[in-house]
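Work through the exercises below with the sequence and the three-dimensional view side by side. Try each task before you read its solution.

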Amino acid sequence: MTPQFVLEGTVVGLAVGSIYALIAVGFAVLYKSTKILNLAHGELVLFGGYLAIALTTAAGHLPAPLAFGLGVAGTLVAAAALGFGVERAVMRPLFGQPLLSVIIVTLALGYVIRGVMVGIWSGETRTFPLVVPPVVVRVASVPVPLVGVWSAAAAAALLVLFSLFFRYTRWGVAMRAAANEQLTASALGVSLRRVFAYAWAFAAIAGAVGGILLGLWLGVNFALAAVGLKALAALILGGLDSIPGAIVGGLVVGVLETIVGGYIDAHVRLFGHPLHGFKEVTAYLVILLVLMVRPYGLFGTEHIERL
Amino acid sequence: MAYARPCGDFKTSYAQDMALLDVRLYRAGFLLLLAGLLAAPWLLGRWLFLLNDIAIFAIGATGLSLVMGFAGQISLGHAAFMAVGAYTSWFVTSELRWPFVVALPASALVAFAVGAVVGLPSLRIKGLYLAIATLAFQFLVEYLIVQTVSGMGGTPVPPMDLLGVPVDTEVRFYYLALAVWVGGAVFATNLTRTRVGLALMAVRDRDYAAQVLGVNLLYYKTLAFALGAAYAGVAGSLFAHYNRVIGAEHFSLAQSIDYVAMLVIGGLGSVWGPHLGAAFVRTLTQALKIAAPLLAASVPMLGRATTSVREVVFGAILIALLIWEPGGLATLLRKLKRYVDLWPFPH
């Protein structure tokens with residue numbers, strides 16, 4: 001493992017990891033404020049990617065940046081509507097149901113969203129019409145496609161924007177209050193219904209932006225839904241209920257996956273067979289290790305149970 | 001002894017209270033069901049494959065009901081245990097060339113052992129975290145299958161041979177599967193009345209309280225996973241020899257989720273639940289498999305949108321059921337029973 005390999009892995013890994021972090025933050029906010037683990041998050045990522053591509057293509061007669069901007073704006077609005085709709089139609093009737101029912105409902109929701117998308121866009125890989133020129137720039141003497149730099153920058157900017165939202169706006173503070181202590185927040189006049197609705201909309205938007213960024217870089221196909229589960233790995237690593245943890249976890253998973261997975265992919269042999277695609281399971285190994293050693297993650301609150 | 005229980009409860013002994021089929025009506029009904037299952041090859045004709053399919057998945061779902069319904073541990077990797085059983089069976093019959101009579105228990109044993117290992121973390125992590133750990137196990141098993149034995153394609157499995165009698169027709173396989181199915185179901189049902197079953201339910205309801213009362217958590221949580229996995233292993237072995245080819249796609253995450261769906265649709269924590277759920281899910285799957293091309297042919301406007309009709313219908317049914325009848329089909333069955341108990345009075 002040469003220093004050059006590690007450096008390249010770190011730079012590329014950070015770029016991918018920033019997108020994971022963005023998706024993981026959506027996850028974390030939803031979990032923090034509603035205690036729902038959304039296993040349909042990967043489908044929300046897919047939804048963002050596919051819809052943005054479809055809208056950008058539909059606006060193809062306009063100049064490329066304008067078409068892309070319109071596509072993204074339309075996607076964000078649609079994602080927010082989807083989040084609100086899911087909360088209203090599916091999650092609200094299930095308020096107070098046991099954990100298992102809620103998890104299974106999110107799984108079923110994933111089925112429905114994915115099924116509808118397969119029906120509309122079928123299964124093949126789709127890419128954006130040329131938005132970012134396909135050039136390679138050098139970051140710290142490492143060649144990175146320009147798209148990667150852009151998406152990393154966009155993800156970082158959004159993360160800052162989100163933290164400002166939670167720090168300063170009225171709704172951000174209400175959501176943090178509800179996350180901290182639901183009953184107290186409710187007693188002090190925070191509408192939990194509205195907080196839940198905003199949390200779902202927020203998660204859907206974060207997922208959709210992640211989908212758009214990954215779509216710009218790699219194209220969108222149905223394997224992308226697995227990214228939702230990688231964000232879950234990032235979240236577990238950082239601690240389920242910690243937003244900074246989700247960001248750090250996302251970056252770490254991105255770098256680990258690129259360096260360790262890339263190394264094992266290329267150099268390690270099992271019974272004489274090269275291990276192709278090990279990169280894709282690295283995240284799950286991380287989950288297992290973290291759960292064994294430190295189940296509440298790096299920054300999560302340690303849960304103390306009483307009888 | 002009443003034919004059907006009237007208003008009020010007239011049980012006078014412990015044995016009566018513990019009886020699974022406590023009045024004559026239910027015993028007669030159960031015998032009728034068994035007779036119907038035995039006569040199924042004549043009743044169903046060429047649709048018998050549907051019942052074979054249901055039998056295999058009902059066995060697996062029974063195992064998951066021990067883990068999730070009775071011990072309360074979420075598992076999203078049940079299909080991976082099925083894969084363990086299927087590949088053990090393949091290895092024993094195809095590579096070692098031992099008979100199927102050895103392969104079936106071997107699959108159960110290997111899956112039991114793997115289940116015990118996967119169940120170990122359940123002592124330390126629970127709820128959501130356990131769900132995620134089993135999800136990770138599911139992905140790792142899929143990856144291992146693709147990397148080591150099957151690749152992206154499938155592995156052929158030799159035909160089944162039961163003590164010299166080739167099990168090569170749907171009818172022969174049906175009687176074998178039926179025997180395993182009923183045996184497994186009776187065993188699981190009895191288990192829920194014994195110390196083990198009661199301990200598992202205590203763990204489900206409040207694990208710390210159970211521990212204080214002297215239930216060894218490590219032992220019972222691991223046992224639940226191991227038993228559940230053993231059932232899945234048996235189902236995997238039967239599936240391997242029935243389908244004659246196995247690959248990663250048969251034991252995917254989607255299959256694991258299907259198992260959870262069967263359990264929820266059937267009813268968690270009910271002995272009838274996994275069977276009702278498996279019957280419902282597999283029938284729906286096969287029906288949609290047949291209906292989708294017909295729909296596409298008759299309404300060409302829909303075109304390829306029909307390919308995903310199963311996912312959408314399936315997800316929608318799950319959501320609707322969880323919102324309106326969280327107890328699943330077993331609750332409907334219980335309501336029917338209650339109606340019969342009280343007839344002709346409404347309450």
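**Exercise 1.** How many of the residues of H11(B) are buried, and why can this helix be called enclosed by the rest of the structure?

*Solution.* This is a predicted model, in which local features need pLDDT of at least 70 and side-chain atom pairs count only at pLDDT 80 or more, while totals for chains, interfaces and linings use all residues. Residues are numbered from 1 along each chain as its sequence is written, and chains are lettered from A and ligands numbered from 1 in the order in which they are written.

Step one is to find the helix: H11 of chain B covers residues 217–243, where helices (H or I, at least four residues) and strands (E, at least two) are DSSP runs numbered from the N terminus. Step two is to apply the burial rule, by which a residue is buried if 20 or more other C-beta atoms lie within 10 Å of its own, exposed if 12 or fewer, and partly exposed in between, with C-beta atoms placed from the backbone. Step three is the count: 23 of the 27 residues of H11(B) are buried, so this helix is largely enclosed by the rest of the structure.

**Exercise 2.** Compare the end-to-end span of H11(B) with the expected one, and do likewise for H4(A).

*Solution.* The expected span is 1.5 Å times one less than the number of residues in the helix. For H11(B), the distance from first to last C-alpha is 38 Å, close to the expected 39 Å. For H4(A), with 23 residues, the rule gives 33 Å, and the end C-alpha atoms are 33 Å apart, which agrees. H4(A) is also mostly covered, since 17 of its 23 residues are buried.

**Exercise 3.** Which elements of chain A supply the side that touches chain B?

*Solution.* Begin with the totals: the contact takes 35 residues from chain A and 34 residues from chain B, two residues being in contact if their C-beta atoms, placed from the backbone, lie within 7 Å. Helix H4 (99–121), helix H9 (225–238) and helix H11 (278–293) of chain A each supply at least two residues of this side, and H4(A) gives the most, with 16 residues. By class, this side of chain A has 27 nonpolar, 6 polar and 2 charged residues; here Ala, Val, Leu, Ile, Met, Phe, Trp, Tyr, Cys and Pro count as nonpolar, Asp, Glu, Lys and Arg as charged, and the others, Gly among them, as polar.

**Exercise 4.** Where does A:Ile23 lie, and is it buried or exposed?

*Solution.* A:Ile23 belongs to helix H1 (residues 3–34) of chain A, and it is buried, with 33 other C-beta atoms within 10 Å. Leaving aside neighbours within four places in sequence, the contacts of A:Ile23 include A:Val45, A:Ala206 and A:Val227. The C-alpha atoms of A:Ile23 and A:Gly250 are separated by 8.4 Å, although these residues are 227 residues apart along the chain.

**Exercise 5.** Describe how strands E1 and E2 of chain A are joined.

*Solution.* Two strands pair if DSSP finds at least two bridges between them. Strand E1 (residues 136–139) and strand E2 (residues 142–145) of chain A run antiparallel and are joined by 4 bridges, with A:Val139 standing opposite A:Val142. The hairpin has 2 residues between the strands, and A:Ala140 in this hairpin takes a positive phi near 50°.
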